[in-house]
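Please look through the sequence and the model below.

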Amino acid sequence: GGGFGGAPGEPCIPVPGHGAGLSCRPPGMARQGSGAMLASGGLGFPPQNLARVVVWEWLNEHGRWRPYSAAVCHHIENVLKEDARGSVVLGQVDVQLAPYVIDLQSMHQFRQDTGTMRPVRRNFYDPSSAPGKGIVWEWENDNSSWTPYDMDICITIQNAYEKQHPWLDLSSLGFCYLIYFSSMSQMNRQTQRKRRLRRRMDLAYPLTMGSIPKSQSWPVGTSTGTPCSCPQCLLVNSTRAASNAILASQRRKLYPGAVRQSSTFAGTALWPVGTGTVAVAGGTTKGEGLRVPGGAFAPSQSVPGGVPLPGLNNLNRPGTQRGAGLGTRATVPPGVPALPVKNLNGTGPIHPALAGMTGILMCAAGLPVCLTRAPKPILHPPPVSKSDIKPVPGVNGICRKTKKKHLKKSKTPEDVVRRYIQKVKNPPDEDCTICMERLVTSSGYEGILSHRGIKPELVGKLGKCGHMYHLLCLLAMYNNGNKDGSLQCPTCKAIYGEKTGTQPPGKMEFHLIPHSLPGYTDSKTIRIVYDIPTGIQGPEHPNPGKKFTARGFPRHCYLPDNEKGRKVLKLLIVAWDRRLIFTIGTSNTTGESDTVVWNEIHHKTEFGSNLTGHGYPDPNYLDNVLAELLAQGVSEATLKD
């Protein structure tokens, strides 16, 4: 029953909906609105002569872009007009954001007390959407305070609200939540937990028109305006962001009345003449000391003509030159301290502020620091020759293909609903959890759906689980789903009939390789290879007729070759044939919509380690995935059939 937000850069509330998209969702009354105009990494700019609402957003640890408030966005825009390469002190407009500084040159948010850095972006929306009207939708968190929704969700909720829809299904955005406007509540479809939500009026977000001048393009030092994504450039950009923020903070403390200048280093010495020791945490050693001149910080001073002094501040060199200089450092001179990169993210044993700020300032001053990299996950096994690849014992074949959906046209929706329910003559006075109206009254779909023989007041009880709903509500839910002849109880998830999904066409291969997984040293390994190409969405998908992407294919997954591992493989083959392994939705990792995503059946994609949580050893994984398959209607009884 988590929510959608948290304070900038702080993991306080988990993001809901670990599965992106559900294959049988209750009938949402509205789809995602068209409020979002442009999603731009970096600064971005709107088309010429078109007014757009500007929303600044930061990337949280779950890969979700979280909006700053309208007041903060106005403040950022004002600073941007004065100095496109400066830094923005968020505490000047919101005291709760006092530790945070945004470096506009590298487009990163920096937290001064912990050293945490996060990307930010400048996003654009239609002026008629929620941010343009100053409308904010929020949900009540566990602390009884209110958290705003992500901007795309806020716009979607507002669009449905304006169209007077009774409720809204958020599964098309990758979240297992239902919004009920009559009770102003949010319900988690898996746990049935409800939270209050509210709509309030706030300051409208800033409006902009036209494009940004070329002299203010982001980031500085590249010709295309698109930042290089190689690890070295990412490291340099994040280092520049933090160093700019630290120096700007020092200048404010030393010269509170001074006129704000560009917060990049101007190439002068950071320490006056003298001696001092900076302790830097070593990678595997207890710590080493590096003698550097200086005992205190000095404010950055401008150099005539903007020419950096040689030997100092190599962060101000052009991007290609800087990358080449760092990349050619083949050996580490003796006595140079090692600074683990992972400490910059706060995952190392050393306090991230100490490790991060020390290394950042030393790098910025041109002092040598050895950056040791965190261990990388072992995603794939050693190379395997074709002669060593064998069929899995007890499993027929080595490949399965799925084509387009085969529609079962023999049964009408009314026949399917009637097949699994028993009519209730005297229903109890409780809510129908589909329309949220009382069972003793008519369905909320009265006037929206009309079918012969099904009156809006009729109530039915599902045979196995006994949960009761309006017949018209069950019919609406079925029509909004996959229409495959099966029905799933929205309360307990019990499945009636054979559930199928919306997985696009593709190929599943499986075979045995002569290597062992961690924790299963006595067994060989079953390797599964999924391959799904890009294509066009069908009528069962979120946006029929629109192209969908398929990122990261072929995807390799691994199981131990033992009795339980082979059982899981057989059930995964059934789930593949029923199109339940993947679906089309919004990626929780990248935020991309209309893309192929996993469909709530977890797979192990890391072969020789478990750094990402998707590898071995994991003694509970096989039992967990069997439970997930059972939740999709794929059980051991299926194999006996």
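V89 stands opposite V101 in β5. This is a predicted model, in which local features need pLDDT of at least 70 and side-chain atom pairs count only at pLDDT 80 or more, while totals for chains, interfaces and linings use all residues. Residues are numbered from 1 along each chain as its sequence is written, and side-chain values use heavy atoms, with hydrogens and water left out.

Strands (E, at least two residues) and helices (H or I, at least four) are DSSP runs, numbered from the N terminus. Two strands pair if DSSP finds at least two bridges between them. Strand β4 (residues 87–89) pairs with β5 in the antiparallel sense, over 3 bridges. β5 is also joined to strand β6 (residues 108–111) by 4 bridges, again antiparallel. D103 has H108 in β6 as its bridge partner. The hairpin of β5 and β6 has 4 residues between the strands, and M107 takes a positive phi near 55° there.

Is β5 (residues 100–103) covered on one face or on both faces? Both are covered: Y100 and I102 on one side are buried, and so are V101 and D103 on the other. Buried means under 20% relative accessible area (1.4 Å probe, protein chains only).

An open sheet is formed by 6 strands in the order β9-β8-β13-β12-β11-β10, with antiparallel pairing. β9 (146–148) and β10 (167–169) are at the edges with a single partner strand each, so one side of each has no neighbour in the sheet. For β10 that partner is β11 (residues 177–180), joined by 3 bridges, and W167 is the bridge partner of Y180.

Technical notes:
Buried < 20%, exposed > 50% of the residue type's maximum accessible area, 1.4 Å probe, protein only.
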